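Please examine the sequence and the structure shown below. The briefing that follows is grouped by topic.

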Amino acid sequence: PAYACRVRGNPSSWRKVLTMAGYGNAGVPPSVVERMEDFDLEEGRPQTEEKKIVDQRLWEAYISTRPYLALTPSAEAGRVLLHNRDAIVKDTLK
């Protein structure tokens, strides 16, 4: 689960990177860009209860050997933001 929980990223982020100048958008056919936009709509829909359960089980497997992590991905994101708040504020003031 480490790849899925840390490295993989999410499809929306990858699509944005691939459509940016210098990252592969030169020559991307318009039909591909349209499909990417369709995926954005799909990802905007609420997650099903079944998918939530699958994702939570994956997270639980991931944290089983990492007791310092929060119980949910959302709580972990919040923990990281709070932990790094001073650096984040400093960076915003540049």
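**Structural briefing**

Trp59 has a relative accessibility of 6% and therefore counts as buried, where buried means under 20% relative accessible area, exposed over 50% and partly exposed in between (1.4 Å probe, protein chains only). This is a predicted model, in which local features need pLDDT of at least 70, side-chain atom pairs count only at pLDDT 80 or more, and totals for chains, interfaces and linings use all residues. Residues are numbered from 1 along each chain as its sequence is written, and side-chain values use heavy atoms, with hydrogens and water left out.

**Aromatic pair**

- One aromatic pair is counted, under the rule that rings of Phe, Tyr and Trp (its six-membered ring) pair if their centres lie within 6.5 Å, with planes under 30 degrees apart taken as stacked, over 60 as edge-to-face and the rest as tilted.
- The ring centres of Trp59 and Tyr62 are 5.4 Å apart and their planes stand at 45°, so the pair is tilted.
- Tyr62, with a relative accessibility of 4%, likewise counts as buried.
- Trp59 and Tyr62 are three residues apart in helix H4 (residues 49–63), and are therefore separated by about one helical turn.

**Helix H4**

- The 15 residues of H4 should span 21 Å at 1.5 Å a residue, and the end C-alpha atoms are 21 Å apart, which agrees; the expected span is 1.5 Å times one less than the number of residues.
- The buried residues of H4 include Trp59, Tyr62 and Ile63.
- These residues cover an arc of only 85° around the axis, which puts them on the same side of H4; the arc is that of the directions from the helix axis to the C-beta atoms.
- Exposed residues Glu50 and Arg57 are carried on the face of H4 turned away from its buried side.

**Pairs separated in sequence**

- Arg6 is located in helix H1 (residues 2–7) and counts as exposed, at 66% relative accessibility.
- Between Arg6 and Tyr62, which are 56 residues apart along the chain, the C-alpha separation is 9.5 Å.
- Asp55, a residue of helix H4, is partly exposed, with a relative accessible area of 28%.

**Whole chain**

- The protein chain has six helices and zero strands; these are DSSP runs numbered from the N terminus, helices being H or I of at least four residues and strands E of at least two.
- Of the 94 residues in the protein chain, 10% are buried.
- Of the contacts between residues at least 6 apart in sequence, 37% join residues at least 24 apart, a contact meaning heavy atoms within 4.5 Å.
- The protein chain exposes about 7,800 Å², of which carbon and sulfur atoms supply 61%; accessible areas come from the Shrake-Rupley method with a 1.4 Å probe, and for residues only the protein chains shown count as cover.

**Confidence**

- Mean pLDDT in the protein chain is 81, and 80% of the residues reach 70 or more; pLDDT is the predictor's confidence in each residue, from 0 to 100.
- Confidence is lowest in helix H3 (residues 30–43), at a mean of 70, and highest in helix H6 (residues 85–92), at 94.
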